[in-house]
Amino acid sequence: MAHSPSETVNRRDFIYIMSATVSAAGAAVAAWPLIDQMNPSAAAQALSSTEVDLSAIQPGQIVTVTWRKQPVFIRRRTEKEIAEAHEGDTASDLKDPQPDAQRVFKPEWLVLVGICTHLGCVPSSQVRGDYDGWFCPCHGSHYDTSGRIRKGPAPKNLAVPNYEFVSDTKIVIGEGKTPAETSKEHTA
Amino acid sequence: MSGGHSTYTPTNGFTKWLDSRLPLIRVMNDNVTNFPTPKNLNYWYTFGAILTFCLAVQLVTGIVLAMHYVASADKAFASIEYIMRDVNYGWLIRYVHMNGASMFFLAVYVHMFRGLYYGSYKAPREILWILGVIIYFLMMATAFLGYTLPWGQMSFWGATVITNFFSAFDQVIPGLGSGVLEWLRGDFAVDDAAVKRFFALHYLLPFVIAGVVFLHIWALHVPGNNNPTGIDVKGPQDTVPFHPYYTVKDGFATAIFMMLFAVFVFYAPNYLGHPDNYVEANPLVTPAHIVPEWYFLPFYAILRAVPDKLTGVLLMFGAIGVLFFVPWLDWSKVRSASYRPVFRQFFVLFVIACLALGWAGAQPAEGAALLIAQVGTFYYFIFFIFIMPVVGLWETPRKLPESIAKAVLAKNGHAAVQPAQ
């Protein structure tokens, strides 16, 4: 199909371009369902909220519940732990600085996704590390009493899920907003 | 396939009829039976055949295990116990498959170090080497996927940690890593969706490996084998037919290898595994010390050698990625390290660095182990990106033999006499 240089755009060029475009679009459209089927299914999405009764949790205790098949830590912090978290707000070793006030709705109750932000292990609630929070045994990350990364390879703080208090002693994880979103709205 | 002319002549009516329709016997004759092979290949060159044997073992035992295994987060662990206790010879087939993975990697590491030592990646064998690296990468993927299937604690947490590598890309574009992570897992955590897709892919990939092995052998048969002298075959006096010379040599080496394999299967079937994998997966409790299978330990050490997550992940993938460029990183004209006194010493150090990384990968990442991992990681990369190109520029190689035939005869002390053929 050699074209002499003098030839301009002709019908055949149009056919090539159109057929290539339609083929590429068709391939993309056909590939998408095959790619998207890998994403979480409706059944997995349906498990996206968990209700927790807080009344049995004692001060100083950490309880692990599951939300979306992942561990969530609920910690009823003591006065000392809350004070430590506030001290941490201005610490120089924060990798992912965030004040404690943006990580809780009520200082007494700390709710965190219990997954180390390094490679996804569950940090230990028994061995609390150098900052009295959590210690991840896999690769040695230390979190403080606000769940912030202070030492070790993890790049981010333990995530705070969106949740809401439906009564004084009951929360629903996966509903409502995160504390950070709420505090932004208040300041805005 | 060999590119040369065919040495096959059909002798009877049937083979003549077949040869003009599907020249199967001709292809076998030219590529196996009468394939001209350098006459000086040593035992390090038997690992290609040993690897073919390993792939066959994994395919046969794997297909059998798939007839009994249940890919489900609820039932996988119990189905492994069912295979071990109730299925006739299930224990044997599973132990062969489990240890077969280790034997496969043992053989591939010997095969790769041999290729590096004798310069088998240099022109005209670059594609051959790259296909080998692709096979190695596919083997790693297959082994990882297979290790998750028993749904023990190490399976689960190995899958969690390794899929989490991709979350490092959140450091590049926020949300990208987490999106990829959910896509890979099909859920917010490793669970039923993951075990099902991992099983499907674990079943698929060995056949992809078999396909790439075909290309690998094809690419081998165009230039023919490299050999311990690294010099080219100059004529028929340098070669012997593959059969019976190398079928026997490969067969003998494979038999010795099978004995080692049998020692593991029958006397230490769990020696290379981890006891935590006989505890069912628990998404709420991470084992105190997560280690991968031994054949991934050097890469695990590289991952943990640097404190930054994204850098660690990139270095780990880079350690495999750099292998693709090896044919263009070595600027020496001489192939075989036997004739390269300086490179040879750096090569020995490289083997030591890989072993040291393997040791460090099994230890908690602190103190001396962390230091050794860092030094090992440094040397691993420096070897490829600096030593390999630069040494060839100033090193004086030893004098190469005139031909393979002369080298063989000199070695055996009859330089003048041709042995009777």
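**Notes on the salt bridges**

1. A friendly place to start is chain B, where B:Glu402 and B:Lys406 pair through their side chains in a salt bridge, at 3.2 Å from N to O. B:Glu402 is exposed, with a relative accessible area of 54%, while B:Lys406 is partly exposed at 48%. Please keep in mind that this is a predicted model.

2. Over all chains, the count comes to 23 salt bridges. A few of them are worth a look in your viewer.

3. One pair to pick out is A:Lys69 with B:Asp187, a salt bridge whose closest N and O atoms are 2.7 Å apart. This pair crosses between chains: A:Lys69 sits in the loop between strand E2 (62–67) and strand E3 (70–76) of chain A, and B:Asp187 in the loop between helix H8 (176–185) and helix H9 (192–221) of chain B. A:Lys69 is partly exposed, with a relative accessible area of 28%, whereas B:Asp187 is buried at 3%.

4. Within chain A, A:Asp93 forms a salt bridge with A:Arg150, and the closest N and O atoms are 2.7 Å apart. A:Asp93 lies in the loop between helix H3 (79–88) and strand E4 (109–113), and A:Arg150 in strand E7 (residues 149–151), so the pair ties together parts of chain A that are 57 residues apart in sequence. For A:Asp93 the relative accessible area is 25%, which makes this residue partly exposed; A:Arg150 is buried at 13%.

Methods. Residues are numbered from 1 along each chain as its sequence is written. Chains are lettered from A and ligands numbered from 1 in the order in which they are written. This is a predicted model: local features need pLDDT of at least 70, side-chain atom pairs count only at pLDDT 80 or more; totals for chains, interfaces and linings use all residues. Side-chain values use heavy atoms; hydrogens and water are left out. A salt bridge is a side-chain nitrogen of Lys or Arg within 4 Å of a carboxyl oxygen of Asp or Glu. Helices (H or I, at least four residues) and strands (E, at least two) are DSSP runs, numbered from the N terminus. Buried means under 20% relative accessible area, exposed over 50%, partly exposed in between (1.4 Å probe, protein chains only).
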